[in-house]
Amino acid sequence: QVQLVESGGGLVQAGGSLRLSCAASGSIFSFYTMGWYRQAPGKQRELVASISSGSSTNYADSVKGRFTISRTNAKNTVYLQMNSLKPEDTAVYYCYYLRGSYVWGQGTQVTVSS
């Protein structure tokens, strides 16, 4: 079974940067998608970014041009580089692995101050 461990959250000022990491371990299958959802209290869950096993990427419109998702095959690790952060990016970010069903990371808090 796949397990995910994510890290990299923290407190930054508006305009700053953070990099999230999500390391997958266990049975990694040939075809899958990984990425991050985020959710703030009282707000809808939002798919932030995703990357496929074939390295195709997708981004939410709200983060295009600011966030970049990438993957290191040797480590089975996905990274989310977040630049030009805004207060509205404040949320808990949950890494996921998807192959028919979701496997979730534990979540990491990102807080962007004004």
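Start by selecting Trp-104, which counts as partly exposed at 34% relative accessibility; here buried means under 20% relative accessible area, exposed over 50%, and partly exposed in between, with a 1.4 Å probe and protein chains only.

Before moving on, please note that this is a predicted model, in which local features need pLDDT of at least 70 and side-chain atom pairs count only at pLDDT 80 or more, while totals for chains, interfaces and linings use all residues. Residues are numbered from 1 along each chain as its sequence is written, and side-chain values use heavy atoms, with hydrogens and water left out.

**The aromatic cluster**

Tyr-37 sits in strand β4 and Tyr-96 in strand β9, so their pairing ties together parts 59 residues apart in sequence. (Strands are DSSP runs of E, at least two residues long, and helices are runs of H or I with at least four; both are numbered from the N terminus.)

Show Tyr-102 as well: ring pairs link Tyr-37, Tyr-96, Tyr-102 and Trp-104 into a cluster. Tyr-37 is buried, at 10% relative accessibility. Then select Arg-45, which lies over the face of Tyr-37 at 4.4 Å from the ring centre; a charge sits over a ring if NZ of Lys or CZ of Arg is within 6 Å of the ring centre and within 35 degrees of the ring normal.

**Strand β4 and its two partners**

Colour β4 (residues 33-39) next. Five of its seven residues are buried, so β4 is largely enclosed by the rest of the structure. With β9 (residues 91-98), β4 runs antiparallel, joined by seven bridges; two strands pair if DSSP finds at least two bridges between them. In this pairing, look for Gly-35 opposite Tyr-96.

With β5 (residues 46-52), β4 also pairs in the antiparallel sense, over six bridges. Trp-36 has Ala-49 as its bridge partner in β5, and Thr-33 stands opposite Ser-52. Six residues lie between the strands of this hairpin, where Gly-42 takes a positive phi near 80°.

**On to β5 and β6**

Three bridges join β5 to the antiparallel strand β6 (residues 57-59), and Ser-50 is found opposite Asn-58. The hairpin of β5 and β6 has four residues between its strands; in the turn, Ser-55 has a positive phi of about 75°.

**The disulfide**

Return to β9 and display Cys-95. A disulfide (a pair of cysteine sulfur atoms within 2.5 Å) joins Cys-95 to Cys-22, with S to S at 1.9 Å. Cys-22 belongs to strand β3 (residues 18-25) and Cys-95 to β9, so the pair ties together parts 73 residues apart in sequence. Left-handed or right-handed? The torsion about the S-S bond is about -85°, so the disulfide is left-handed. Cys-22 and Cys-95 are buried, and the structure holds one disulfide.

**The nonpolar core**

For the last stop, select Leu-4, Met-34, Trp-36, Leu-80, Met-82 and Tyr-93, which touch the most other members of the 29-residue largest nonpolar core. Two or more residues come from each of β3, β4, β5, β7 (67-72), β8 (77-82), β9 and β11 (108-113). Such a core is a set of buried Ala, Val, Leu, Ile, Met, Phe, Trp, Tyr and Cys residues joined through side-chain atoms within 4.5 Å.

Centre on Leu-80: leaving aside neighbours within four places in sequence, its contacts include Leu-20, Trp-36, Val-48, Ala-49 and Phe-67, where contact means heavy atoms within 4.5 Å. Leu-20 lies in strand β3 and counts as buried at 0% relative accessibility. Beyond its neighbours within four places, Leu-20 is in contact with residues including Trp-36, Leu-80, Met-82, Tyr-93 and Val-110.

How values were computed. Phe/Tyr/Trp six-rings, centres within 6.5 Å; stacked < 30°, edge-to-face > 60°.
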